[in-house]
Amino acid sequence: MANVTFPFPFPDHLITLLPEMIVAVLAMILLLVDLFISKENKVWTAYLAIMAIAAAAVATVQLYPAGSIEAFYGFFVFDPFAAFSKLLIFAATAISIVLSIDYMKDENHVGEYYVLMLFAMLGMMLMVSATNFIILYLGMELMALCIYVLVGYQREVLRSNEAALKYFILGALSSGMLLYGITFLYGVSGSFDYTEMGTALMSADSSSHAAVLLGLVFLLAGLAFKVSMAPFHMWTPDAYEGAPTPITAFMSVAPKVAGFVVIIRIAIDALPAVQDEYMTILIGMAVLTMAVGNLAAIAQRNIKRMLAYSTVGHVGFVMLGVIAGNADGYAGILVYLSIYLIMTLGLFAIIILMRRDGIQGELLDDFAGLSKTRPGYALAMGLFLFSLGGIPFLAGFWAKYAVFIAAVEAGHLYLVLYALLFSAVGAFYYIRVVKYIYFDEARVAFNFSDSRLMQATVAITAIAIVALGVYPDPLMEVCKQALVGLI
Amino acid sequence: MDLNNVLDFPILSLSIFLPTLGALIIWLFVRGDNAVRWASLIVAVATFLVTLPLALNFDTTTAHMQFEEFHHWIPAFNINYHLGLDGISMPFIVLTSFLTVVCIISAWQCIQTRVKEYMIAFLILETTLIGVFSALDAILFYFFWEALLIPMYLIIGIWGGKNRVYATIKFFLYTLAGSVLMLIAVLAMYFEAGHTFSMLDFMDYPFDFTWQFWIWIAFFIAFAVKVPMWPVHTWLPDAHTEAPTAGSVILAGILLKLGAYGFLRFSLPMLPDASQYFVPLMIGLSLVAIVYISLVAMMQTDMKRLIAYSSIAHMGFVTLGTFMFTQAALEGAIIGMISHGFVAAALFLCVGVMYDRLHTREIGDYGGVVNVMPVFAAVMLFFCMANVALPGASAFVGEIMVLIGTFEAAPTHLGISAKWIAIAATTSVVLSACYTLWMYKRVIMGDLVKDSVKSMQDMTIREFGYFVPLIILTLWLGFYPLPVLDFLHVSVSHLIDQVSTSKLDAAAALLQAVPAAEAAHH
């Protein structure tokens, strides 16, 4: 850990929580400050929120640990894995806030929106550092409650309300399942701590096997809901379509990062005793997730719905890293999520820019002829789409490569073959959007908002996708290093 | 590691990235359609000039890789930026850079919309093609192999004919689905061969038969789609027909060779036993391509479709020669590919010349063109004859060598003598004459009855300009193929050594050595 000196005495284990504390305190202060910001200047709330995230990011980078540091009697861990995934979550949240600024100008612009995003982020930060099911549950609920509200943020819009209600009901159900599963595992092992539970389950006698399995199934179901694995993905398209687009972007990236980090931690520490069982379940779900995501996306006409199913498909690919269960697999997940974050947020930035007088810019038809009117955006969008399809010289190829090679290493050749075939299916609906952009004639005039910040976001993400596509080594190296102390 | 590079200069990297660099400069700094055309031409010519030293400094006495370059790319997975050429890949690189120049000149008039994007797409396509032919690392190979789908998808989709969207999506998905199998084969080989992606290591590593069997099938599907072989050829007529003229030229001239090149680079040297095992399959499919596809070609009413089917039939010859494993047949196959690069490219350009005037590719819409375009009729006659493989044309050299090589090949376990295979393949000479000359008769000969045809003007100097080098090269390769054969001899006989040396004994020895070594270790 870097040496940070404070002007006042600071308990050792608290310092590992510094990023969380920064976010919590600044978010609450922002809530108060926001009262004094007038309706027209709400943009400043957004800027302040981004600054709060920047402060937390600086703290995380400063403290970036060389190994695993435990705090609060093993409730909380600060290791490179957590630090790296927190940085991803910061990036996702900050970019989503940037995307919101322009979008919110046409909406009921209130400051709580940004504060809720900060709290959701705080919940995710807790999730990735939790080594105890209670902390995990706290973090998860903090995240979920904030996002329920954000999804239903457009109070006057029917589909936003519908989305929020659906998401809330199914989310509450899944939280219940998660808790139910945890209680079974607790009943057998007598501990909420991941590692202690893992040791206890190892030595548990066979009479408790049924209870462990029951707990495992409910636990996995709850977690699967959070990262939209089939068959627990049902909420995803509705929630994605109904939510304000920046929130869709946020939801499709940040909670997935947090969710997969949690799954990896639990798999390594809490469940090694039932590895065969959870692997079987995960393989089954991965097979289903890849198929459902990639096939259902073909039928979509609304790009937000299409991206919802595409997320499901990508989650299926990421699961291969968990199924591989080796260092390459976990590093591959981080590579995948990092690259997925960049390309998805870049794509959503363009979708948000498409919104114009009376047109939501969400139907695939709305993109027809984009290349004639706005060649720059068209090029960036083409790059994101080919990248999502996993075509080389773009980063998406290396994302897939990183998890696929780990799965081959673990001997899951057939599963990788299956995944590769579905990635070819997936390429179809991505290149179909390219068809709208490049091959079709424009039907309506385009009238883009010219927010510099948004343009910069699109440009930076597009350049990053090409740069990482040509030279992915630094990212792969960082992700590999992030596993120090984890396994 | 010792790098064999006589020039002491990263000339392959320069050839690969010069077009991209040029595309970048054009994108950022060049304005105006004509300026873009000239700038692209300058970049393409410069690239061609850069690739010429590859041929001039080529050492024909060794089968080793030449002009090598090596850099670590992704050390975590031992992926390296390793480039190099041997006699098999070198001619294709020069062919690529040459045909790109021709393509850019041919697009001068017929591409009027989005000229800049078109030229950029073409230059990036050139980068990926040269990259495929010079890669010696399997992931690098795959990287370029897949990347070329993006510019090609856009070229067909944006500047193609009426049915272009269907054609380009079909092309994209067919080739993508084929190549993912190659990726998984490469990943599996990485672990089997001890954490390396080096194609040279793969050639040396003794894979046992089961491995070879499955990996061969995966490669086969990937390459067969690209060649394309019957029955996965159906994307090609659509893609060819709908692509703009220059797109068809590069498709026929270079892209079709990638599949056959894959067989030569991966299947034969890395998986010799499986390659031997699958000879009957390859012969069967090649003969179907030669005979059946030729018959299909005869029935086409669209000129580009007809030439597309003729390309498939000619590629049948190439795959037949590849899997005969004799010096003459393999060299004939490669000469056939190069020659097809000139002849098919020129035929597509001929159709392009007519299409630019009447905007139709239907044979029935023409007739009597010779009366208004005598010079053009002569040029087209020349290339039609070359397509029929008349002696004196380059295609003749390729076909006769494949036939000779097939004739002298050892009897295969088909149960019939290789002579019968050669005889069956010879029908192509008759059939190709049927479909090519029949098309020529219907389009060029006859009386001038259609008013639209009466208004056609003969070729301009620029159009004539890009046929001249193609005519010279076709004749040169037809009369004096020795210089090209010199490039091939050593590399091809090395390849034949590789494919005739079974890896099974070494694999069995390795299998026994591993437990012994482990026992000694304990």
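Helices (H or I, at least four residues) and strands (E, at least two) are taken as DSSP runs and numbered from the N terminus. The model described here is predicted: local features require pLDDT of at least 70, side-chain atom pairs count only at pLDDT 80 or more, and totals for chains, interfaces and linings use all residues. Residues are numbered from 1 along each chain as its sequence is written, while chains are lettered from A and ligands numbered from 1 in the order in which they are written.

A:Tyr148 is found in helix H6 (residues 133-151) of chain A. A residue is buried if 20 or more other C-beta atoms lie within 10 Å of its own, exposed if 12 or fewer, and partly exposed in between, with C-beta atoms placed from the backbone. A:Tyr148 is buried because 21 other C-beta atoms lie within 10 Å. Contact between two residues requires their C-beta atoms, placed from the backbone, to lie within 7 Å. Residues up to four places away in sequence aside, A:Tyr148 touches A:Ala164, A:Tyr167, A:Phe168 and A:Gly171. A:Asn161 is 13 residues from A:Tyr148 in sequence and 9.9 Å from it in space, C-alpha to C-alpha.

A:Ile89 lies in helix H4 (residues 80-105) of chain A. A:Ile89 has 31 C-beta neighbours inside 10 Å and therefore counts as buried. Neighbours within four places in sequence aside, the contacts of A:Ile89 are A:Met121, A:Met124, A:Met125, A:Ala254, A:Val257 and A:Ala258. Between A:Ile89 and A:Leu18 there are 71 residues of sequence separation and 16 Å of space, C-alpha to C-alpha.

Chain A is divided into domain 1 (1-270) and domain 2 (274-487). These bounds come from an automatic or database domain assignment. The C-alpha centres of the two domains of chain A lie 22 Å apart. Domain 1 of chain A gives 44 residues to the contact, and domain 2 of chain A gives 45. On the domain 1 side, the elements of chain A that give two or more residues are H4, helix H9 (209-226), helix H10 (235-242) and helix H11 (245-270). H11(A) supplies the largest share of that side, 13 residues. For composition, Ala, Val, Leu, Ile, Met, Phe, Trp, Tyr, Cys and Pro count as nonpolar, Asp, Glu, Lys and Arg as charged, and the others, Gly among them, as polar. The side of domain 1 of chain A that touches domain 2 of chain A divides into 32 nonpolar, eight polar and four charged residues.

The chains also meet each other. In this interface, 26 residues of chain A are in contact with 26 residues of chain B. Helix H17 (395-409), helix H18 (413-439) and helix H20 (473-481) of chain A are the elements that give two or more residues to the chain A side. H18(A) gives the most, with 13 residues. By class, the chain A side has 20 nonpolar, one polar and five charged residues.

Helix packing was examined next. Axes are lines fitted to C-alpha atoms, for helices over the stretch in contact, and angles run from 0 to 180 degrees between N-to-C directions. Angles under 35 degrees count as roughly parallel, over 145 as roughly antiparallel, 65 to 115 as roughly perpendicular and the rest as oblique. H17(A) and H18(A) pack at an angle of about 155 degrees, with their axes 8 Å apart. The two helices are therefore roughly antiparallel to each other. H17(A) passes H18(A) in a left-handed crossing; a crossing is left-handed if the near helix is turned anticlockwise from the far one by less than a right angle, and right-handed if clockwise. A:Lys400, A:Phe404, A:Ala407 and A:Val408 in H17(A) meet A:Leu413, A:Leu415, A:Val416, A:Ala419 and A:Ser423 in H18(A). This contact has seven nonpolar, one polar and one charged residues.

H17(A) also packs on helix H19 (residues 452-470) of chain A, where the axes come within 7 Å and cross at roughly 50 degrees. That makes H17(A) oblique to H19(A). A:Ala395, A:Phe397 and A:Trp398 in H17(A) meet A:Ile465, A:Leu468 and A:Gly469 in H19(A).

In chain B, helix H15 (residues 327-358) and helix H22 (residues 482-500) pack at an angle of about 130 degrees, with axes 9 Å apart. H15(B) is thus oblique to H22(B). Their crossing is right-handed.
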